[in-house]
Amino acid sequence: MADLPILKFEEKIVETVEKNPVVVVIGETGSGKSTQLSQILHRSGYTKSGIIAVTQPRRVAAVSVARRVAHELGVQLGEEVGYAIRFEDRTSDKTIIKYLTDGCLLRESLSNPELNQYSVIILDEAHERSLNTDILLGLMKRLVRMDSSSLKVLITSATLDGGKVSRFFSNCPVLTVPGKLFPVEVLYSRERPKSYIESSLKTALDIHIREPRGDVLIFMTGQDDIEKMVSKLEEKVQSLEEGSCMDALILPLHGSLPPEMQVRVFSPAPSNCRRFIVATNIAETSLTVDGVVYVIDSGYVKQRQYNPSTGMYSLDVVQISRVQADQRAGRAGRTCPGKCYRLYPSAVYHEEFLDATIPEIQRSSLAGTVLYLKSLDLPDINILKFDFLDQPSSESLEDALKQLYLIDAIDENGLITHIGRTMSELPLEPSLSRTLIEANELGCLSQALTVTAMLSAETTLISTRSKNSEKKRKRSSSDLPDGSGWGDHIQLLQIYEKWDRANYDPQWCIDNNLQVRGMMFTKDVRKQLCQILQKIAKGPLDVQSNRRSKEKTDDYKSLRRALCAGYGNQLAERKIHHNGYRTLGYKSQLVQVHPSSVLEMDEDGNMPNYVVYHELIATSRPFMRNVCAVEMSWAIPISRKLEKMDVNKLSGGSSASGEYGPKGDEQLGSPKKEVDISKSPDDHDSRIQAARERFLARKSKK
Ligand code: CDP
Ligand code: MG
């Protein structure tokens with residue numbers, strides 16, 4: 001630790017931060033930005049006036065770096081040094097250094113727009129250009145401009161273009177920490193391999209047999225490939241002649257690995273043993289693995305992309321950018337000269353790769369982001385003119401506005417509604433938060449909470465996520481509930497309820513091929529969502545009654561209706577002649593129910609006429625994933641709203657954000673049912689009061 005490059009610049013860093021509100025720090029991966037900057041500023045007294053926050057785009061990195069810093073300072077994790085990620089807060093009153101995901105900090109800014117509990121905010125890994133970090137950049141720019149602000153903002157990046165961020169912050173200083181990278185020899189393949197897994201495997205074995213000691217870092221595109229690679233490599237290594245090479249230790253590294261498995265990559269290799277770390281792009285810059293001398297780079301990365309003109313997600317394996325390729329190669333030269341094996345020709349690197357990765361803001365759905373910006377109550381924020389480092393397309397902003405309008409989060413003038421405001425307080429995607437609000441009205445909040453929690457944890461629900469087990473979820477319906485024909489949301493509810501009846505027994509999960517950790521996480525998420533809702537509602541909520549559905553006789557009508565309101569923009573109508581569905585709404589297209597779905601035909605052999613879906617994904621064909629049957633009488637009024645919709649008005653309203661027009665007032669004044677979870681905390685009430693007074697004052701002037 002003592003020789004980390006950044007520590008040699010301690011004085012310079014402290015001096016520059018003293019003199020400037022915003023500083024950009026650029027340093028090679030492993031130079032100590034994530035673990036040391038917070039400690040440097042702590043030593044120079046910044047924790048006396050507030051907490052030092054360090055944001056991370058990835059949950060794993062937030063946890064792992066916090067753990068490391070707590071260890072270095074010799075304190076208990078969760079006390080002086082803690083972390084906060086969605087659905088998990090390990091901080092206390094004592095916390096002075098807090099690692100958190102960029103999404104968490106955004107959420108905190110809703111209840112405390114000036115973020116004045118913090119003396120320093122470090123936006124780490126800015127080069128990753130995650131959607132939330134990009135929004136935070138815009139927000140920080142506003143905050144430091146305020147006269148009263150004594151906030152210090154640091155922005156760190158591992159790549160060398162700090163100029164752009166510096167210009168964004170009126171040419172703030174850029175500190176460059178020279179890395180001590182050793183030379184890395186880059187070896188290209190003559191052509192692209194047919195299978196990059198086979199080619200990686202062969203290269204890894206060649207290194208193991210021929211090259212001197214040093215760990216090997218292999219970049220794969222995702223968890224499935226990592227698992228495949230780990231088992232193949234294990235098999236091959238075991239078949240090598242005893243004593244012909246040193247021992248091998250093969251370790252996976254990806255975002256959904258259990259914590260105890262993640263930390264294994266940070267302990268050095270035993271003597272006479274070579275480690276193979278098989279990782280996603282998480283090992284490019286987020287997590288530094290020491291001891292790596294050889295890197296195998298397939299040249300690919302898995303990227304989730306959203307297409308605003310179709311509303312469709314795709315998870316594509318795409319070529320990495322040149323910046324990423326260079327980062328990957330750099331991992332080989334941290335401790336001594338290394339080698340990087342690129343499984344593609346140099347012409348591909350020079351001619352096909354993009355210079356830099358496309359920022360997430362230009363390939364994501366912006367519904368959540370736009371709702372967030374609308375709820376900020378900052379008088380001068382105009383969504384379409386928000387100061388972004390890179391502007392998202394107007395198409396995706398409009399797409400977000402339409403989505404929000406269809407689920408009642410904004411009105412036809414683009415003003416945030418009461419419902420929208422409550423939605424923004426929930427750490428969920430807009431469709432699910434809207435479902436919860438409706439479920440509360442319809443008296444099925446408990447069921448909706450379960451479904452929401454199950455969907456939020458779904459990535460870890462099925463034991464292995466291979467295609468096989470997706471099908472298994474359907475086939476093993478003899479043991480697991482099957483959604484009673486109504487679809488996947490209902491099945492998720494029934495699974496949880498069955499586990500509840502089994503007293504949350506871990507063995508029950510194992511017997512039913514469900515991941516224990518995933519189910520435990522669901523239970524925890526459910527509990528936390530309950531607590532958040534109680535807080536918003538400021539009173540007891542009905543989250544217990546109806547806790548268990550009446551099996552068989554229950555048609556889950558209220559729940560399905562609540563889902564219909566939440567998925568207002570994700571409705572589809574059955575098309576008899578097309579053997580599938582057509583999505584309703586402004587993006588009408590033909591789609592099919594995903595093969596993993598448990599949605600069933602009725603006695604007459606017909607699929608339900610109307611369904612809602614959680615997600616549209618483009619694989620071989622456009623598929624709806626997680627589908628639930630709804631009724632025409634619920635679906636039609638929502639799609640009718642489209643006729644009234646005027647995008648110009650929707651976006652025009654944004655300039656008046658923070659003000660309530662007459663429309664908003666009427667809504668706020670309308671009588672509500674007994675338990676109203678959309679009722680907001682005091683400060684919000686007073687804001688409404690103030691807005692009402694402004695409105696009345698304007699009215700009396702006319
Ligand atoms: O952020 P940056 O890439 O500049 O470096 P860092 O994450 O602060 O890492 C500095 C050093 O701490 C590296 O040698 C890492 O291997 C080590 N580290 C660790 O051992 N365990 C962690 N959980 C995080 C970092
Ligand atoms: Mg870092």
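Ligand 1 lies between domain 1 (5-177) and domain 2 (184-361), because both of them give residues to the shell around it; the domain bounds come from an automatic or database domain assignment. This is a predicted model, in which local features need pLDDT of at least 70 and side-chain atom pairs count only at pLDDT 80 or more, while totals for chains, interfaces and linings use all residues. Side-chain values use heavy atoms, with hydrogens and water left out, residues are numbered from 1 along each chain as its sequence is written, and chains are lettered from A and ligands numbered from 1 in the order in which they are written.

**The shell around ligand 1**

- Of the 15 residues around ligand 1, those that come nearest are Gly30, Lys33, Ser34, Thr35 and Asp290, a residue being near if one of its heavy atoms lies within 4 Å.
- By class, this shell has eight polar, five charged and two nonpolar residues, where Asp, Glu, Lys and Arg count as charged, Ala, Val, Leu, Ile, Met, Phe, Trp, Tyr, Cys and Pro as nonpolar, and the others, Gly among them, as polar.
- The largest share of the shell, three residues, comes from α2, helices being DSSP runs (H or I, at least four residues) numbered from the N terminus.

- An oxygen atom of ligand 1 is 2.8 Å from an N or O atom in the side chain of Lys33, and a polar contact is a pair of N or O atoms within 3.5 Å.
- The side chain of Arg68 likewise has an N or O atom 2.8 Å from an oxygen atom of ligand 1.
- A polar side-chain atom of Asp290 lies 2.8 Å from an oxygen atom of ligand 1.

**Backbone angles**

- Most residues other than glycine have a negative phi.
- Tyr504, found in the loop between α18 (488-501) and α19 (506-511), has a positive phi near 55°.
- Asn513, placed in the loop between α19 and α20 (516-537), has a positive phi near 65°.

Methods. A polar contact is a pair of N or O atoms within 3.5 Å; within protein, one must be able to donate a hydrogen and the other to accept it, and residues adjacent in sequence count only if both atoms are side-chain atoms. Helices (H or I, at least four residues) and strands (E, at least two) are DSSP runs, numbered from the N terminus.
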